[in-house]
Amino acid sequence: MSEIAGYTYGTTAVAPSPISLDDFEKLRATVLFGTEDEHYLRMAGEVLAGQTDAILDLWYGFVGSHPHLVQYFTDGQGNALTDYLGAVRARFGQWIADLCRRPYDQDWLNYQHEIALRHHRAKKNQTDGARSVPIIHFRYMVAFIYPITATIRQFLAAKGHSADEVDKMHQAWFKAVTLSVILWSVPYVKEGDF
Ligand code: HEM
């Protein structure tokens, strides 16, 4: 059982995803995500498990050093909301494990939609009762695929795996993050156009 505040994975608090497993299967095929990727993503999960805090320090440092990014954690007047940053950080750490280790089944799909809503004005700030700006703009959702992927490599390489294994874990991670951001795009796309 998880003690992470606001983490509702697999519970009835999470609404069904509007994306069917069949449509998701076509997305998986489109990013060439196969059984080999599943295998290397599991390996990545083991490699990253003890490194969560170091990864989050790096990512939070990246966001914190860019005013146009950190503003999404502020009250809109330039004041960062530290409680909000801390609450999200705990769920972000859990997400790394979930991305690598959970089966991509209906529960996983449903929680991706929940994360989508939490970035969008539909539900941002609600989970933590934060008095922050109302939406993370879509352009940065897509842009984040690159830093979230580029910066993970050093952590995948930190446990003595061969260059080939590191490459394969990295490719699998890139595909999994891309799939996630596609699913997180749903609330931003005009009805019927997704
Ligand atoms: C690849 C893109 C991104 C990834 C992987 C990511 C990951 C996450 C995760 C795992 C959570 C917590 C989900 C949960 O509640 O269980 C979260 C929430 C959040 N993220 Fe992102 N994120 C991305 C893009 C962005 C961008 C571009 C920003 C802007 C700086 C951002 C700011 C936030 C904020 C403010 C929350 C809290 C939302 C709320 O009020 O519930 N994220 N993100």
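## Close-up views of a predicted model

**View 1. Helix α10 from end to end.** α10 has 22 residues and spans 31 Å from its first C-alpha to its last, close to the 32 Å expected at 1.5 Å a residue.

**View 2. The shell around the ligand.** Here we turn to the ligand and its neighbours. The shell counts 26 residues, and those that come nearest are Arg-91, Trp-95, Arg-118, Tyr-140 and Phe-144. By class, the shell is made up of 18 nonpolar, four polar and four charged residues. At least two shell residues come from each of α5 (82–101), α6 (106–119), α7 (138–143), α8 (145–150) and α10 (163–184). The largest share belongs to α5, with four residues.

**View 3. Helices α2 and α5 side by side.** Two packed helices are described by the angle between their axes and the distance between the axes. For α2 (residues 35–48) and α5, the angle is about 150° and the axes lie 7 Å apart. An angle over 145 degrees counts as roughly antiparallel, and α2 and α5 are therefore roughly antiparallel to each other. On the α2 side, the residues that meet α5 are Leu-41, Arg-42, Ala-44, Gly-45 and Leu-48. Their partners in α5 are Ile-96, Ala-97, Cys-100 and Arg-101. Sorted by class, this contact of α2 with α5 holds six nonpolar, one polar and two charged residues.

**View 4. Leu-32, a loop residue with positive phi.** Most residues other than glycine have a negative phi. Leu-32 is not a glycine, yet its phi is positive, at about 60°. You will find Leu-32 in the loop between α1 (21–30) and α2. Is Leu-32 buried or exposed? With 10 other C-beta atoms within 10 Å, Leu-32 is exposed.

**View 5. Asn-125, in the loop between α6 and α7.** Asn-125 has 16 other C-beta atoms within 10 Å and is partly exposed.

Definitions and conventions
Residues numbered from 1 in each chain as written. Predicted model: local features only at pLDDT ≥ 70, side-chain atom pairs only at ≥ 80, totals over all residues. Near = placed C-beta within 6 Å. Nonpolar A, V, L, I, M, F, W, Y, C, P; charged D, E, K, R; others polar. Axes fitted to C-alpha atoms, helices over the stretch in contact; angles between N-to-C directions. Parallel < 35°, antiparallel > 145°, perpendicular 65-115°, else oblique. Contact = placed C-beta atoms within 7 Å. Expected span 1.5 Å × (residues − 1). Buried ≥ 20, exposed ≤ 12 C-beta atoms within 10 Å, placed from the backbone.
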